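This report describes a single protein chain, from its overall architecture down to selected residues. The sequence and the model are shown first.

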Amino acid sequence: MTTRPGIRFGKPCVMGTRIAVQDILGWLASGMSNAEIVEDFPELTEEHIRAALAFAANLEQRTRQLAA
């Protein structure tokens with residue numbers, strides 16, 4: 001994944017595309033399969049989808065809840 005300030009407001013995207021991790025997660029959450037995503041967006045591979053999931057999992061793991 002890569003971030004560039006001028007692309008998608010700096011959101012993490014699949015390298016070489018304008019497809020954000022957030023897009024992939026949204027498609028998966030809406031019920032699209034990996035195969036459907038790759039069919040609709042041929043610039044993506046199943047490896048890209050797994051990398052987006054891993055990126056999101058890593059980000060979630062690093063998130064800490066602050067005590068109120």
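## Basis of the description

Helices (H or I, at least four residues) and strands (E, at least two) are DSSP runs, numbered from the N terminus. On that basis, Phe9 belongs to the segment before α1.

This is a predicted model, in which local features need pLDDT of at least 70 and side-chain atom pairs count only at pLDDT 80 or more, while totals for chains, interfaces and linings use all residues. Residues are numbered from 1 along each chain as its sequence is written, and side-chain values use heavy atoms, with hydrogens and water left out.

## Overall architecture

The protein contains three helices and zero strands, and its pattern along the sequence is α-α-α. Along the principal axes, the C-alpha atoms fill a box of roughly 45 × 30 × 20 Å. Contact here means heavy atoms within 4.5 Å. Of the contacts between residues at least 6 apart in sequence, 28% join residues at least 24 apart.

## Surface and charge

The accessible surface is about 5100 Å², and carbon and sulfur atoms account for 54% of this area. Accessible areas come from the Shrake-Rupley method with a 1.4 Å probe, and for residues only the protein chains shown count as cover. Burial is classed by relative accessible area: buried is under 20%, exposed is over 50%, and partly exposed lies in between (1.4 Å probe, protein chains only). Of the 68 residues in the protein, 22% are buried.

The protein carries 7 positive and 8 negative side chains, and the centres of the two sets are 14 Å apart. In this count Lys and Arg are positive and Asp and Glu negative, while His and the chain ends are not counted. Each charge is placed at NZ of Lys, CZ of Arg, CG of Asp or CD of Glu.

## The nonpolar core

A nonpolar core is a set of buried Ala, Val, Leu, Ile, Met, Phe, Trp, Tyr and Cys residues joined through side-chain atoms within 4.5 Å. The largest such core has ten residues: Val14, Ile19, Val21, Ile24, Trp27, Met32, Ile37, Leu44, Ile49 and Ala52. Helices α1 and α3 (46-62) each supply at least two residues of this core, and α1 gives the most, with three residues.

Ile49, one of the core residues, touches Ile24, Leu28, Asn34, Ile37 and Val38, leaving out residues up to four places away in sequence.

## The segment before α1

Several residues of interest lie in the segment before α1, including Thr3, Arg8 and Gly10. Thr3 is partly exposed, with a relative accessible area of 49%. Beyond neighbours within four places in sequence, Thr3 is in contact with Gly10, Lys11 and Pro12. Gly10 is likewise partly exposed, at 26% relative accessibility, and touches Thr3, Arg4 and Pro5 when residues up to four places away are not counted. The C-alpha atom of Ala51 is separated by 14 Å from that of Thr3 and by 18 Å from that of Gly10.

Two residues other than glycine have positive phi values here: Arg8, near 50°, and Phe9, near 60°. Arg8 is partly exposed, with a relative accessible area of 25%, whereas Phe9 counts as exposed at 82%. Thr17 is also placed in the segment before α1 (21-29). Thr17 is buried, at a relative accessible area of 16%, and its side chain reaches the backbone nitrogen of Ile19 at 3.1 Å. This is a polar contact, defined as a pair of N or O atoms within 3.5 Å; within protein, one must be able to donate a hydrogen and the other to accept it, and residues adjacent in sequence count only if both atoms are side-chain atoms.

## Polar residues within the helices

Asp23 lies in helix α1 and is buried, with a relative accessible area of 19%. Not counting residues up to four places away in sequence, Asp23 touches Arg8 and Arg18.

His48 is located in helix α3 and counts as partly exposed, at 24% relative accessibility. Apart from neighbours within four places in sequence, His48 is in contact with Met1, Val14 and Glu43. His48 and Met1 are 47 residues apart along the chain, and their C-alpha atoms are separated by 8.7 Å.
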